[in-house]
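Open the model in your viewer and keep the sequence panel beside it. The stops below follow the chain in places and jump along it in others.

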Amino acid sequence: MNAQITPAPAHDDLDAFWMPFTANRQFKSNPRLLARAEGMYYWTPDGREVLDGVAGLWCVNAGHGRREITEAVAKQLGTMEYAPAFQMGHPIAFELANRLANIAPPGLDRIFFTNSGSESVDTALKIAIAYHRARGAGQRTRLIGREKGYHGVGFGGMSVGGMVNNRKFFAASMLPGVDHLPHTLAIEHNAFSRGLPQWGAHLADELLRLIALHDASTIAAVIVEPIAGSAGVVLPPIGYLKRLREICDKHDILLIFDEVITGFGRVGKPFASQAFDITPDLMTTAKGLTNGALPMGAVFAHRKIYDAFMQGPENTIELFHGYTYSAHPVACAAALATLDVYTKEGLLSRAASLAPEWENAVHSLRGLPNVLDVRNYGLIGAVELEPRAGKPGARGFEVFVKCFERGVMVRQTGDTIAMSPPLIIESKQIARIVETLGSVLRETP
Ligand code: PXG
């Protein structure tokens, strides 16, 4: 086994890689390295087993090292490693789009391929603006995001996003004409809610205030995550998303669900939109689409949106947008194999059957030192810790590192610990995640 493991780089060799969303100097002085993965586990270069409580980064939904995906990728690389998708096509791109359309929320059966969640978001925002223009409403350019939202790191996604550190360094470079709804995290009302919180549906009515301020005729779209992940798991209060949908419908505003995290089974249905029975006009996805094996994203557009573009002379390009690697054949092969695994193993609904056990497990952490809130839905869980005075994030980071040292990988955002394990998780592994986190919390002042 050890023979397959890549040796850890010598300490000096860590300098060249400028790591993303990482405290580079802190990391490089005490690196946490992963070298191999299979099923529910990673192994460090020195062979230590680490239970994956985050599905990599919310993407490895079918668990690691899936042979079916590896083989499909190898086969495609051997057959045709690349083909353009501009004015050309290759068969499995169409096959994948059809397969995705079959599991999509009602009507969202036109699929635009990208290479990441950030690209999916910027694509969806551009489609929304161009859609209104195509219908003769070119003045609808305003975009509405939400506080604490995370929509990737492109200029569009950053602008509609609502996480302060991702914005403040680029404050002068935000898209113009963007506004934000208030976030829905309300621990004072909803602490330790099991599943969706009761309080806060009325927060959707803030959209009416933005409409009153800007006028609906200037607004192209509202974008929200059905469940916000990166901000530390923020759930929609019961009735909130329905209300947003109603207001958007009434005012001809497109509703975009960013399902980069919630898509592909994370909440017990293929998409959160189906779990919550609210259908958006556009849906952004990535991550679980290929089980994390290769970079790929997809924007699901309602057929009415696609049709609005399919006007005018047939020899004109309808949407001046796309990427060299849109519908990359190897990524398509990975996605098709991933969908096969999801289907064969019932993974797109498995989170629903595991949810009660998961909920009980994460809520058993209530009452441990510094625990302010526990939140859960599907196979998502979060524990919010009291920040240390004057040192926001320090306690969260310490808990994250100690968990890793004890063989469990969780994700830390500030003082929130988030968990989103692969959907193949078994009871004993749920117990191990929670026991490890619990013992760390007990020992972390
Ligand atoms: N939208 C959402 C809702 C996301 O969660 C993106 C867009 C951007 O995707 P890409 O593929 O461009 O990274 C994301 C990404 C975390 C964490 O710790 C979450 C993401 C990325 C990194 C960390 O919660 N989500």
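Start by selecting Phe21, which sits in the segment before α1 (24-29). Helices here are DSSP runs of H or I with at least four residues, strands are runs of E with at least two, and both are numbered from the N terminus. This is a predicted model, in which local features need pLDDT of at least 70 and side-chain atom pairs count only at pLDDT 80 or more, while totals for chains, interfaces and linings use all residues. Residues are numbered from 1 along each chain as its sequence is written, and side-chain values use heavy atoms, with hydrogens and water left out.

Phe21 is not a glycine, yet its phi is positive, at about 40°. Is Phe21 buried or exposed? With a relative accessible area of 60%, Phe21 is exposed. The cut-offs are under 20% relative accessible area for buried, over 50% for exposed, and partly exposed in between, with a 1.4 Å probe and protein chains only.

Select Pro20 next; this residue also belongs to the segment before α1. Its relative accessible area is 55%, so Pro20 is exposed.

Go on to Lys148, in the loop between β5 (142-146) and α6 (155-160). Lys148 has a positive phi of about 65° and is not a glycine. Its relative accessibility is 27%, so Lys148 counts as partly exposed.

**A pair of helices: α9 and α10**

Two packed helices are described by the angle between their axes and the distance between the axes. Select α9 (residues 206-214) and α10 (residues 240-250): their axes come within 10 Å and cross at roughly 25°. That makes α9 roughly parallel to α10. Axes are lines fitted to C-alpha atoms, for helices over the stretch in contact, and the angles run from 0 to 180 degrees between N-to-C directions. Angles under 35 degrees count as roughly parallel, over 145 as roughly antiparallel, 65 to 115 as roughly perpendicular, and the rest as oblique.

Which residues of α9 and α10 make the contact? Show Leu207, Leu208 and Ile211 on α9, then Arg243, Leu244, Ile247 and Cys248 on α10. Contact means heavy atoms within 4.5 Å.

**A buried loop residue**

Select His328, in the loop between α12 (303-309) and α13. At 17% relative accessibility, His328 counts as buried. Leaving aside neighbours within four places in sequence, His328 is in contact with Glu81, Tyr82 and His90.

**Helices around α16**

Select α14 (residues 347-363) and α16 (residues 427-443), which pack at an angle of about 20° with their axes 9 Å apart. That makes α14 roughly parallel to α16. Show Glu357, Trp358, Ala361 and Val362 in α14, which meet Ser427, Ile430 and Val434 in α16.

Keep α16 and switch to α15 (residues 394-405): these axes come within 9 Å and cross at roughly 130°. α15 and α16 are therefore oblique to each other. Val399, Lys402 and Cys403 in α15 meet Thr436, Leu437, Val440, Leu441 and Glu443 in α16.

Now select Phe400, found in helix α15. At 16% relative accessibility, Phe400 counts as buried. Its contacts, leaving aside neighbours within four places in sequence, are Arg32, Val410, Gln412 and Ile417.

**The nonpolar cores**

A nonpolar core is a set of buried Ala, Val, Leu, Ile, Met, Phe, Trp, Tyr and Cys residues joined through side-chain atoms within 4.5 Å. How many residues does the largest nonpolar core have? It has 62 residues, and those with the most contacts inside it are Leu96, Leu100, Phe113, Phe300, Val383, Leu437 and Leu441. Helix α13 (residues 329-344) gives the most to this core, with eight residues. A second, separate core of 32 residues includes Ile211, Val267, Tyr377 and Ala418.

End at Leu441, which touches Leu365, Leu368, Pro369, Val371, Val383, Leu385 and Val399, not counting residues up to four places away in sequence.
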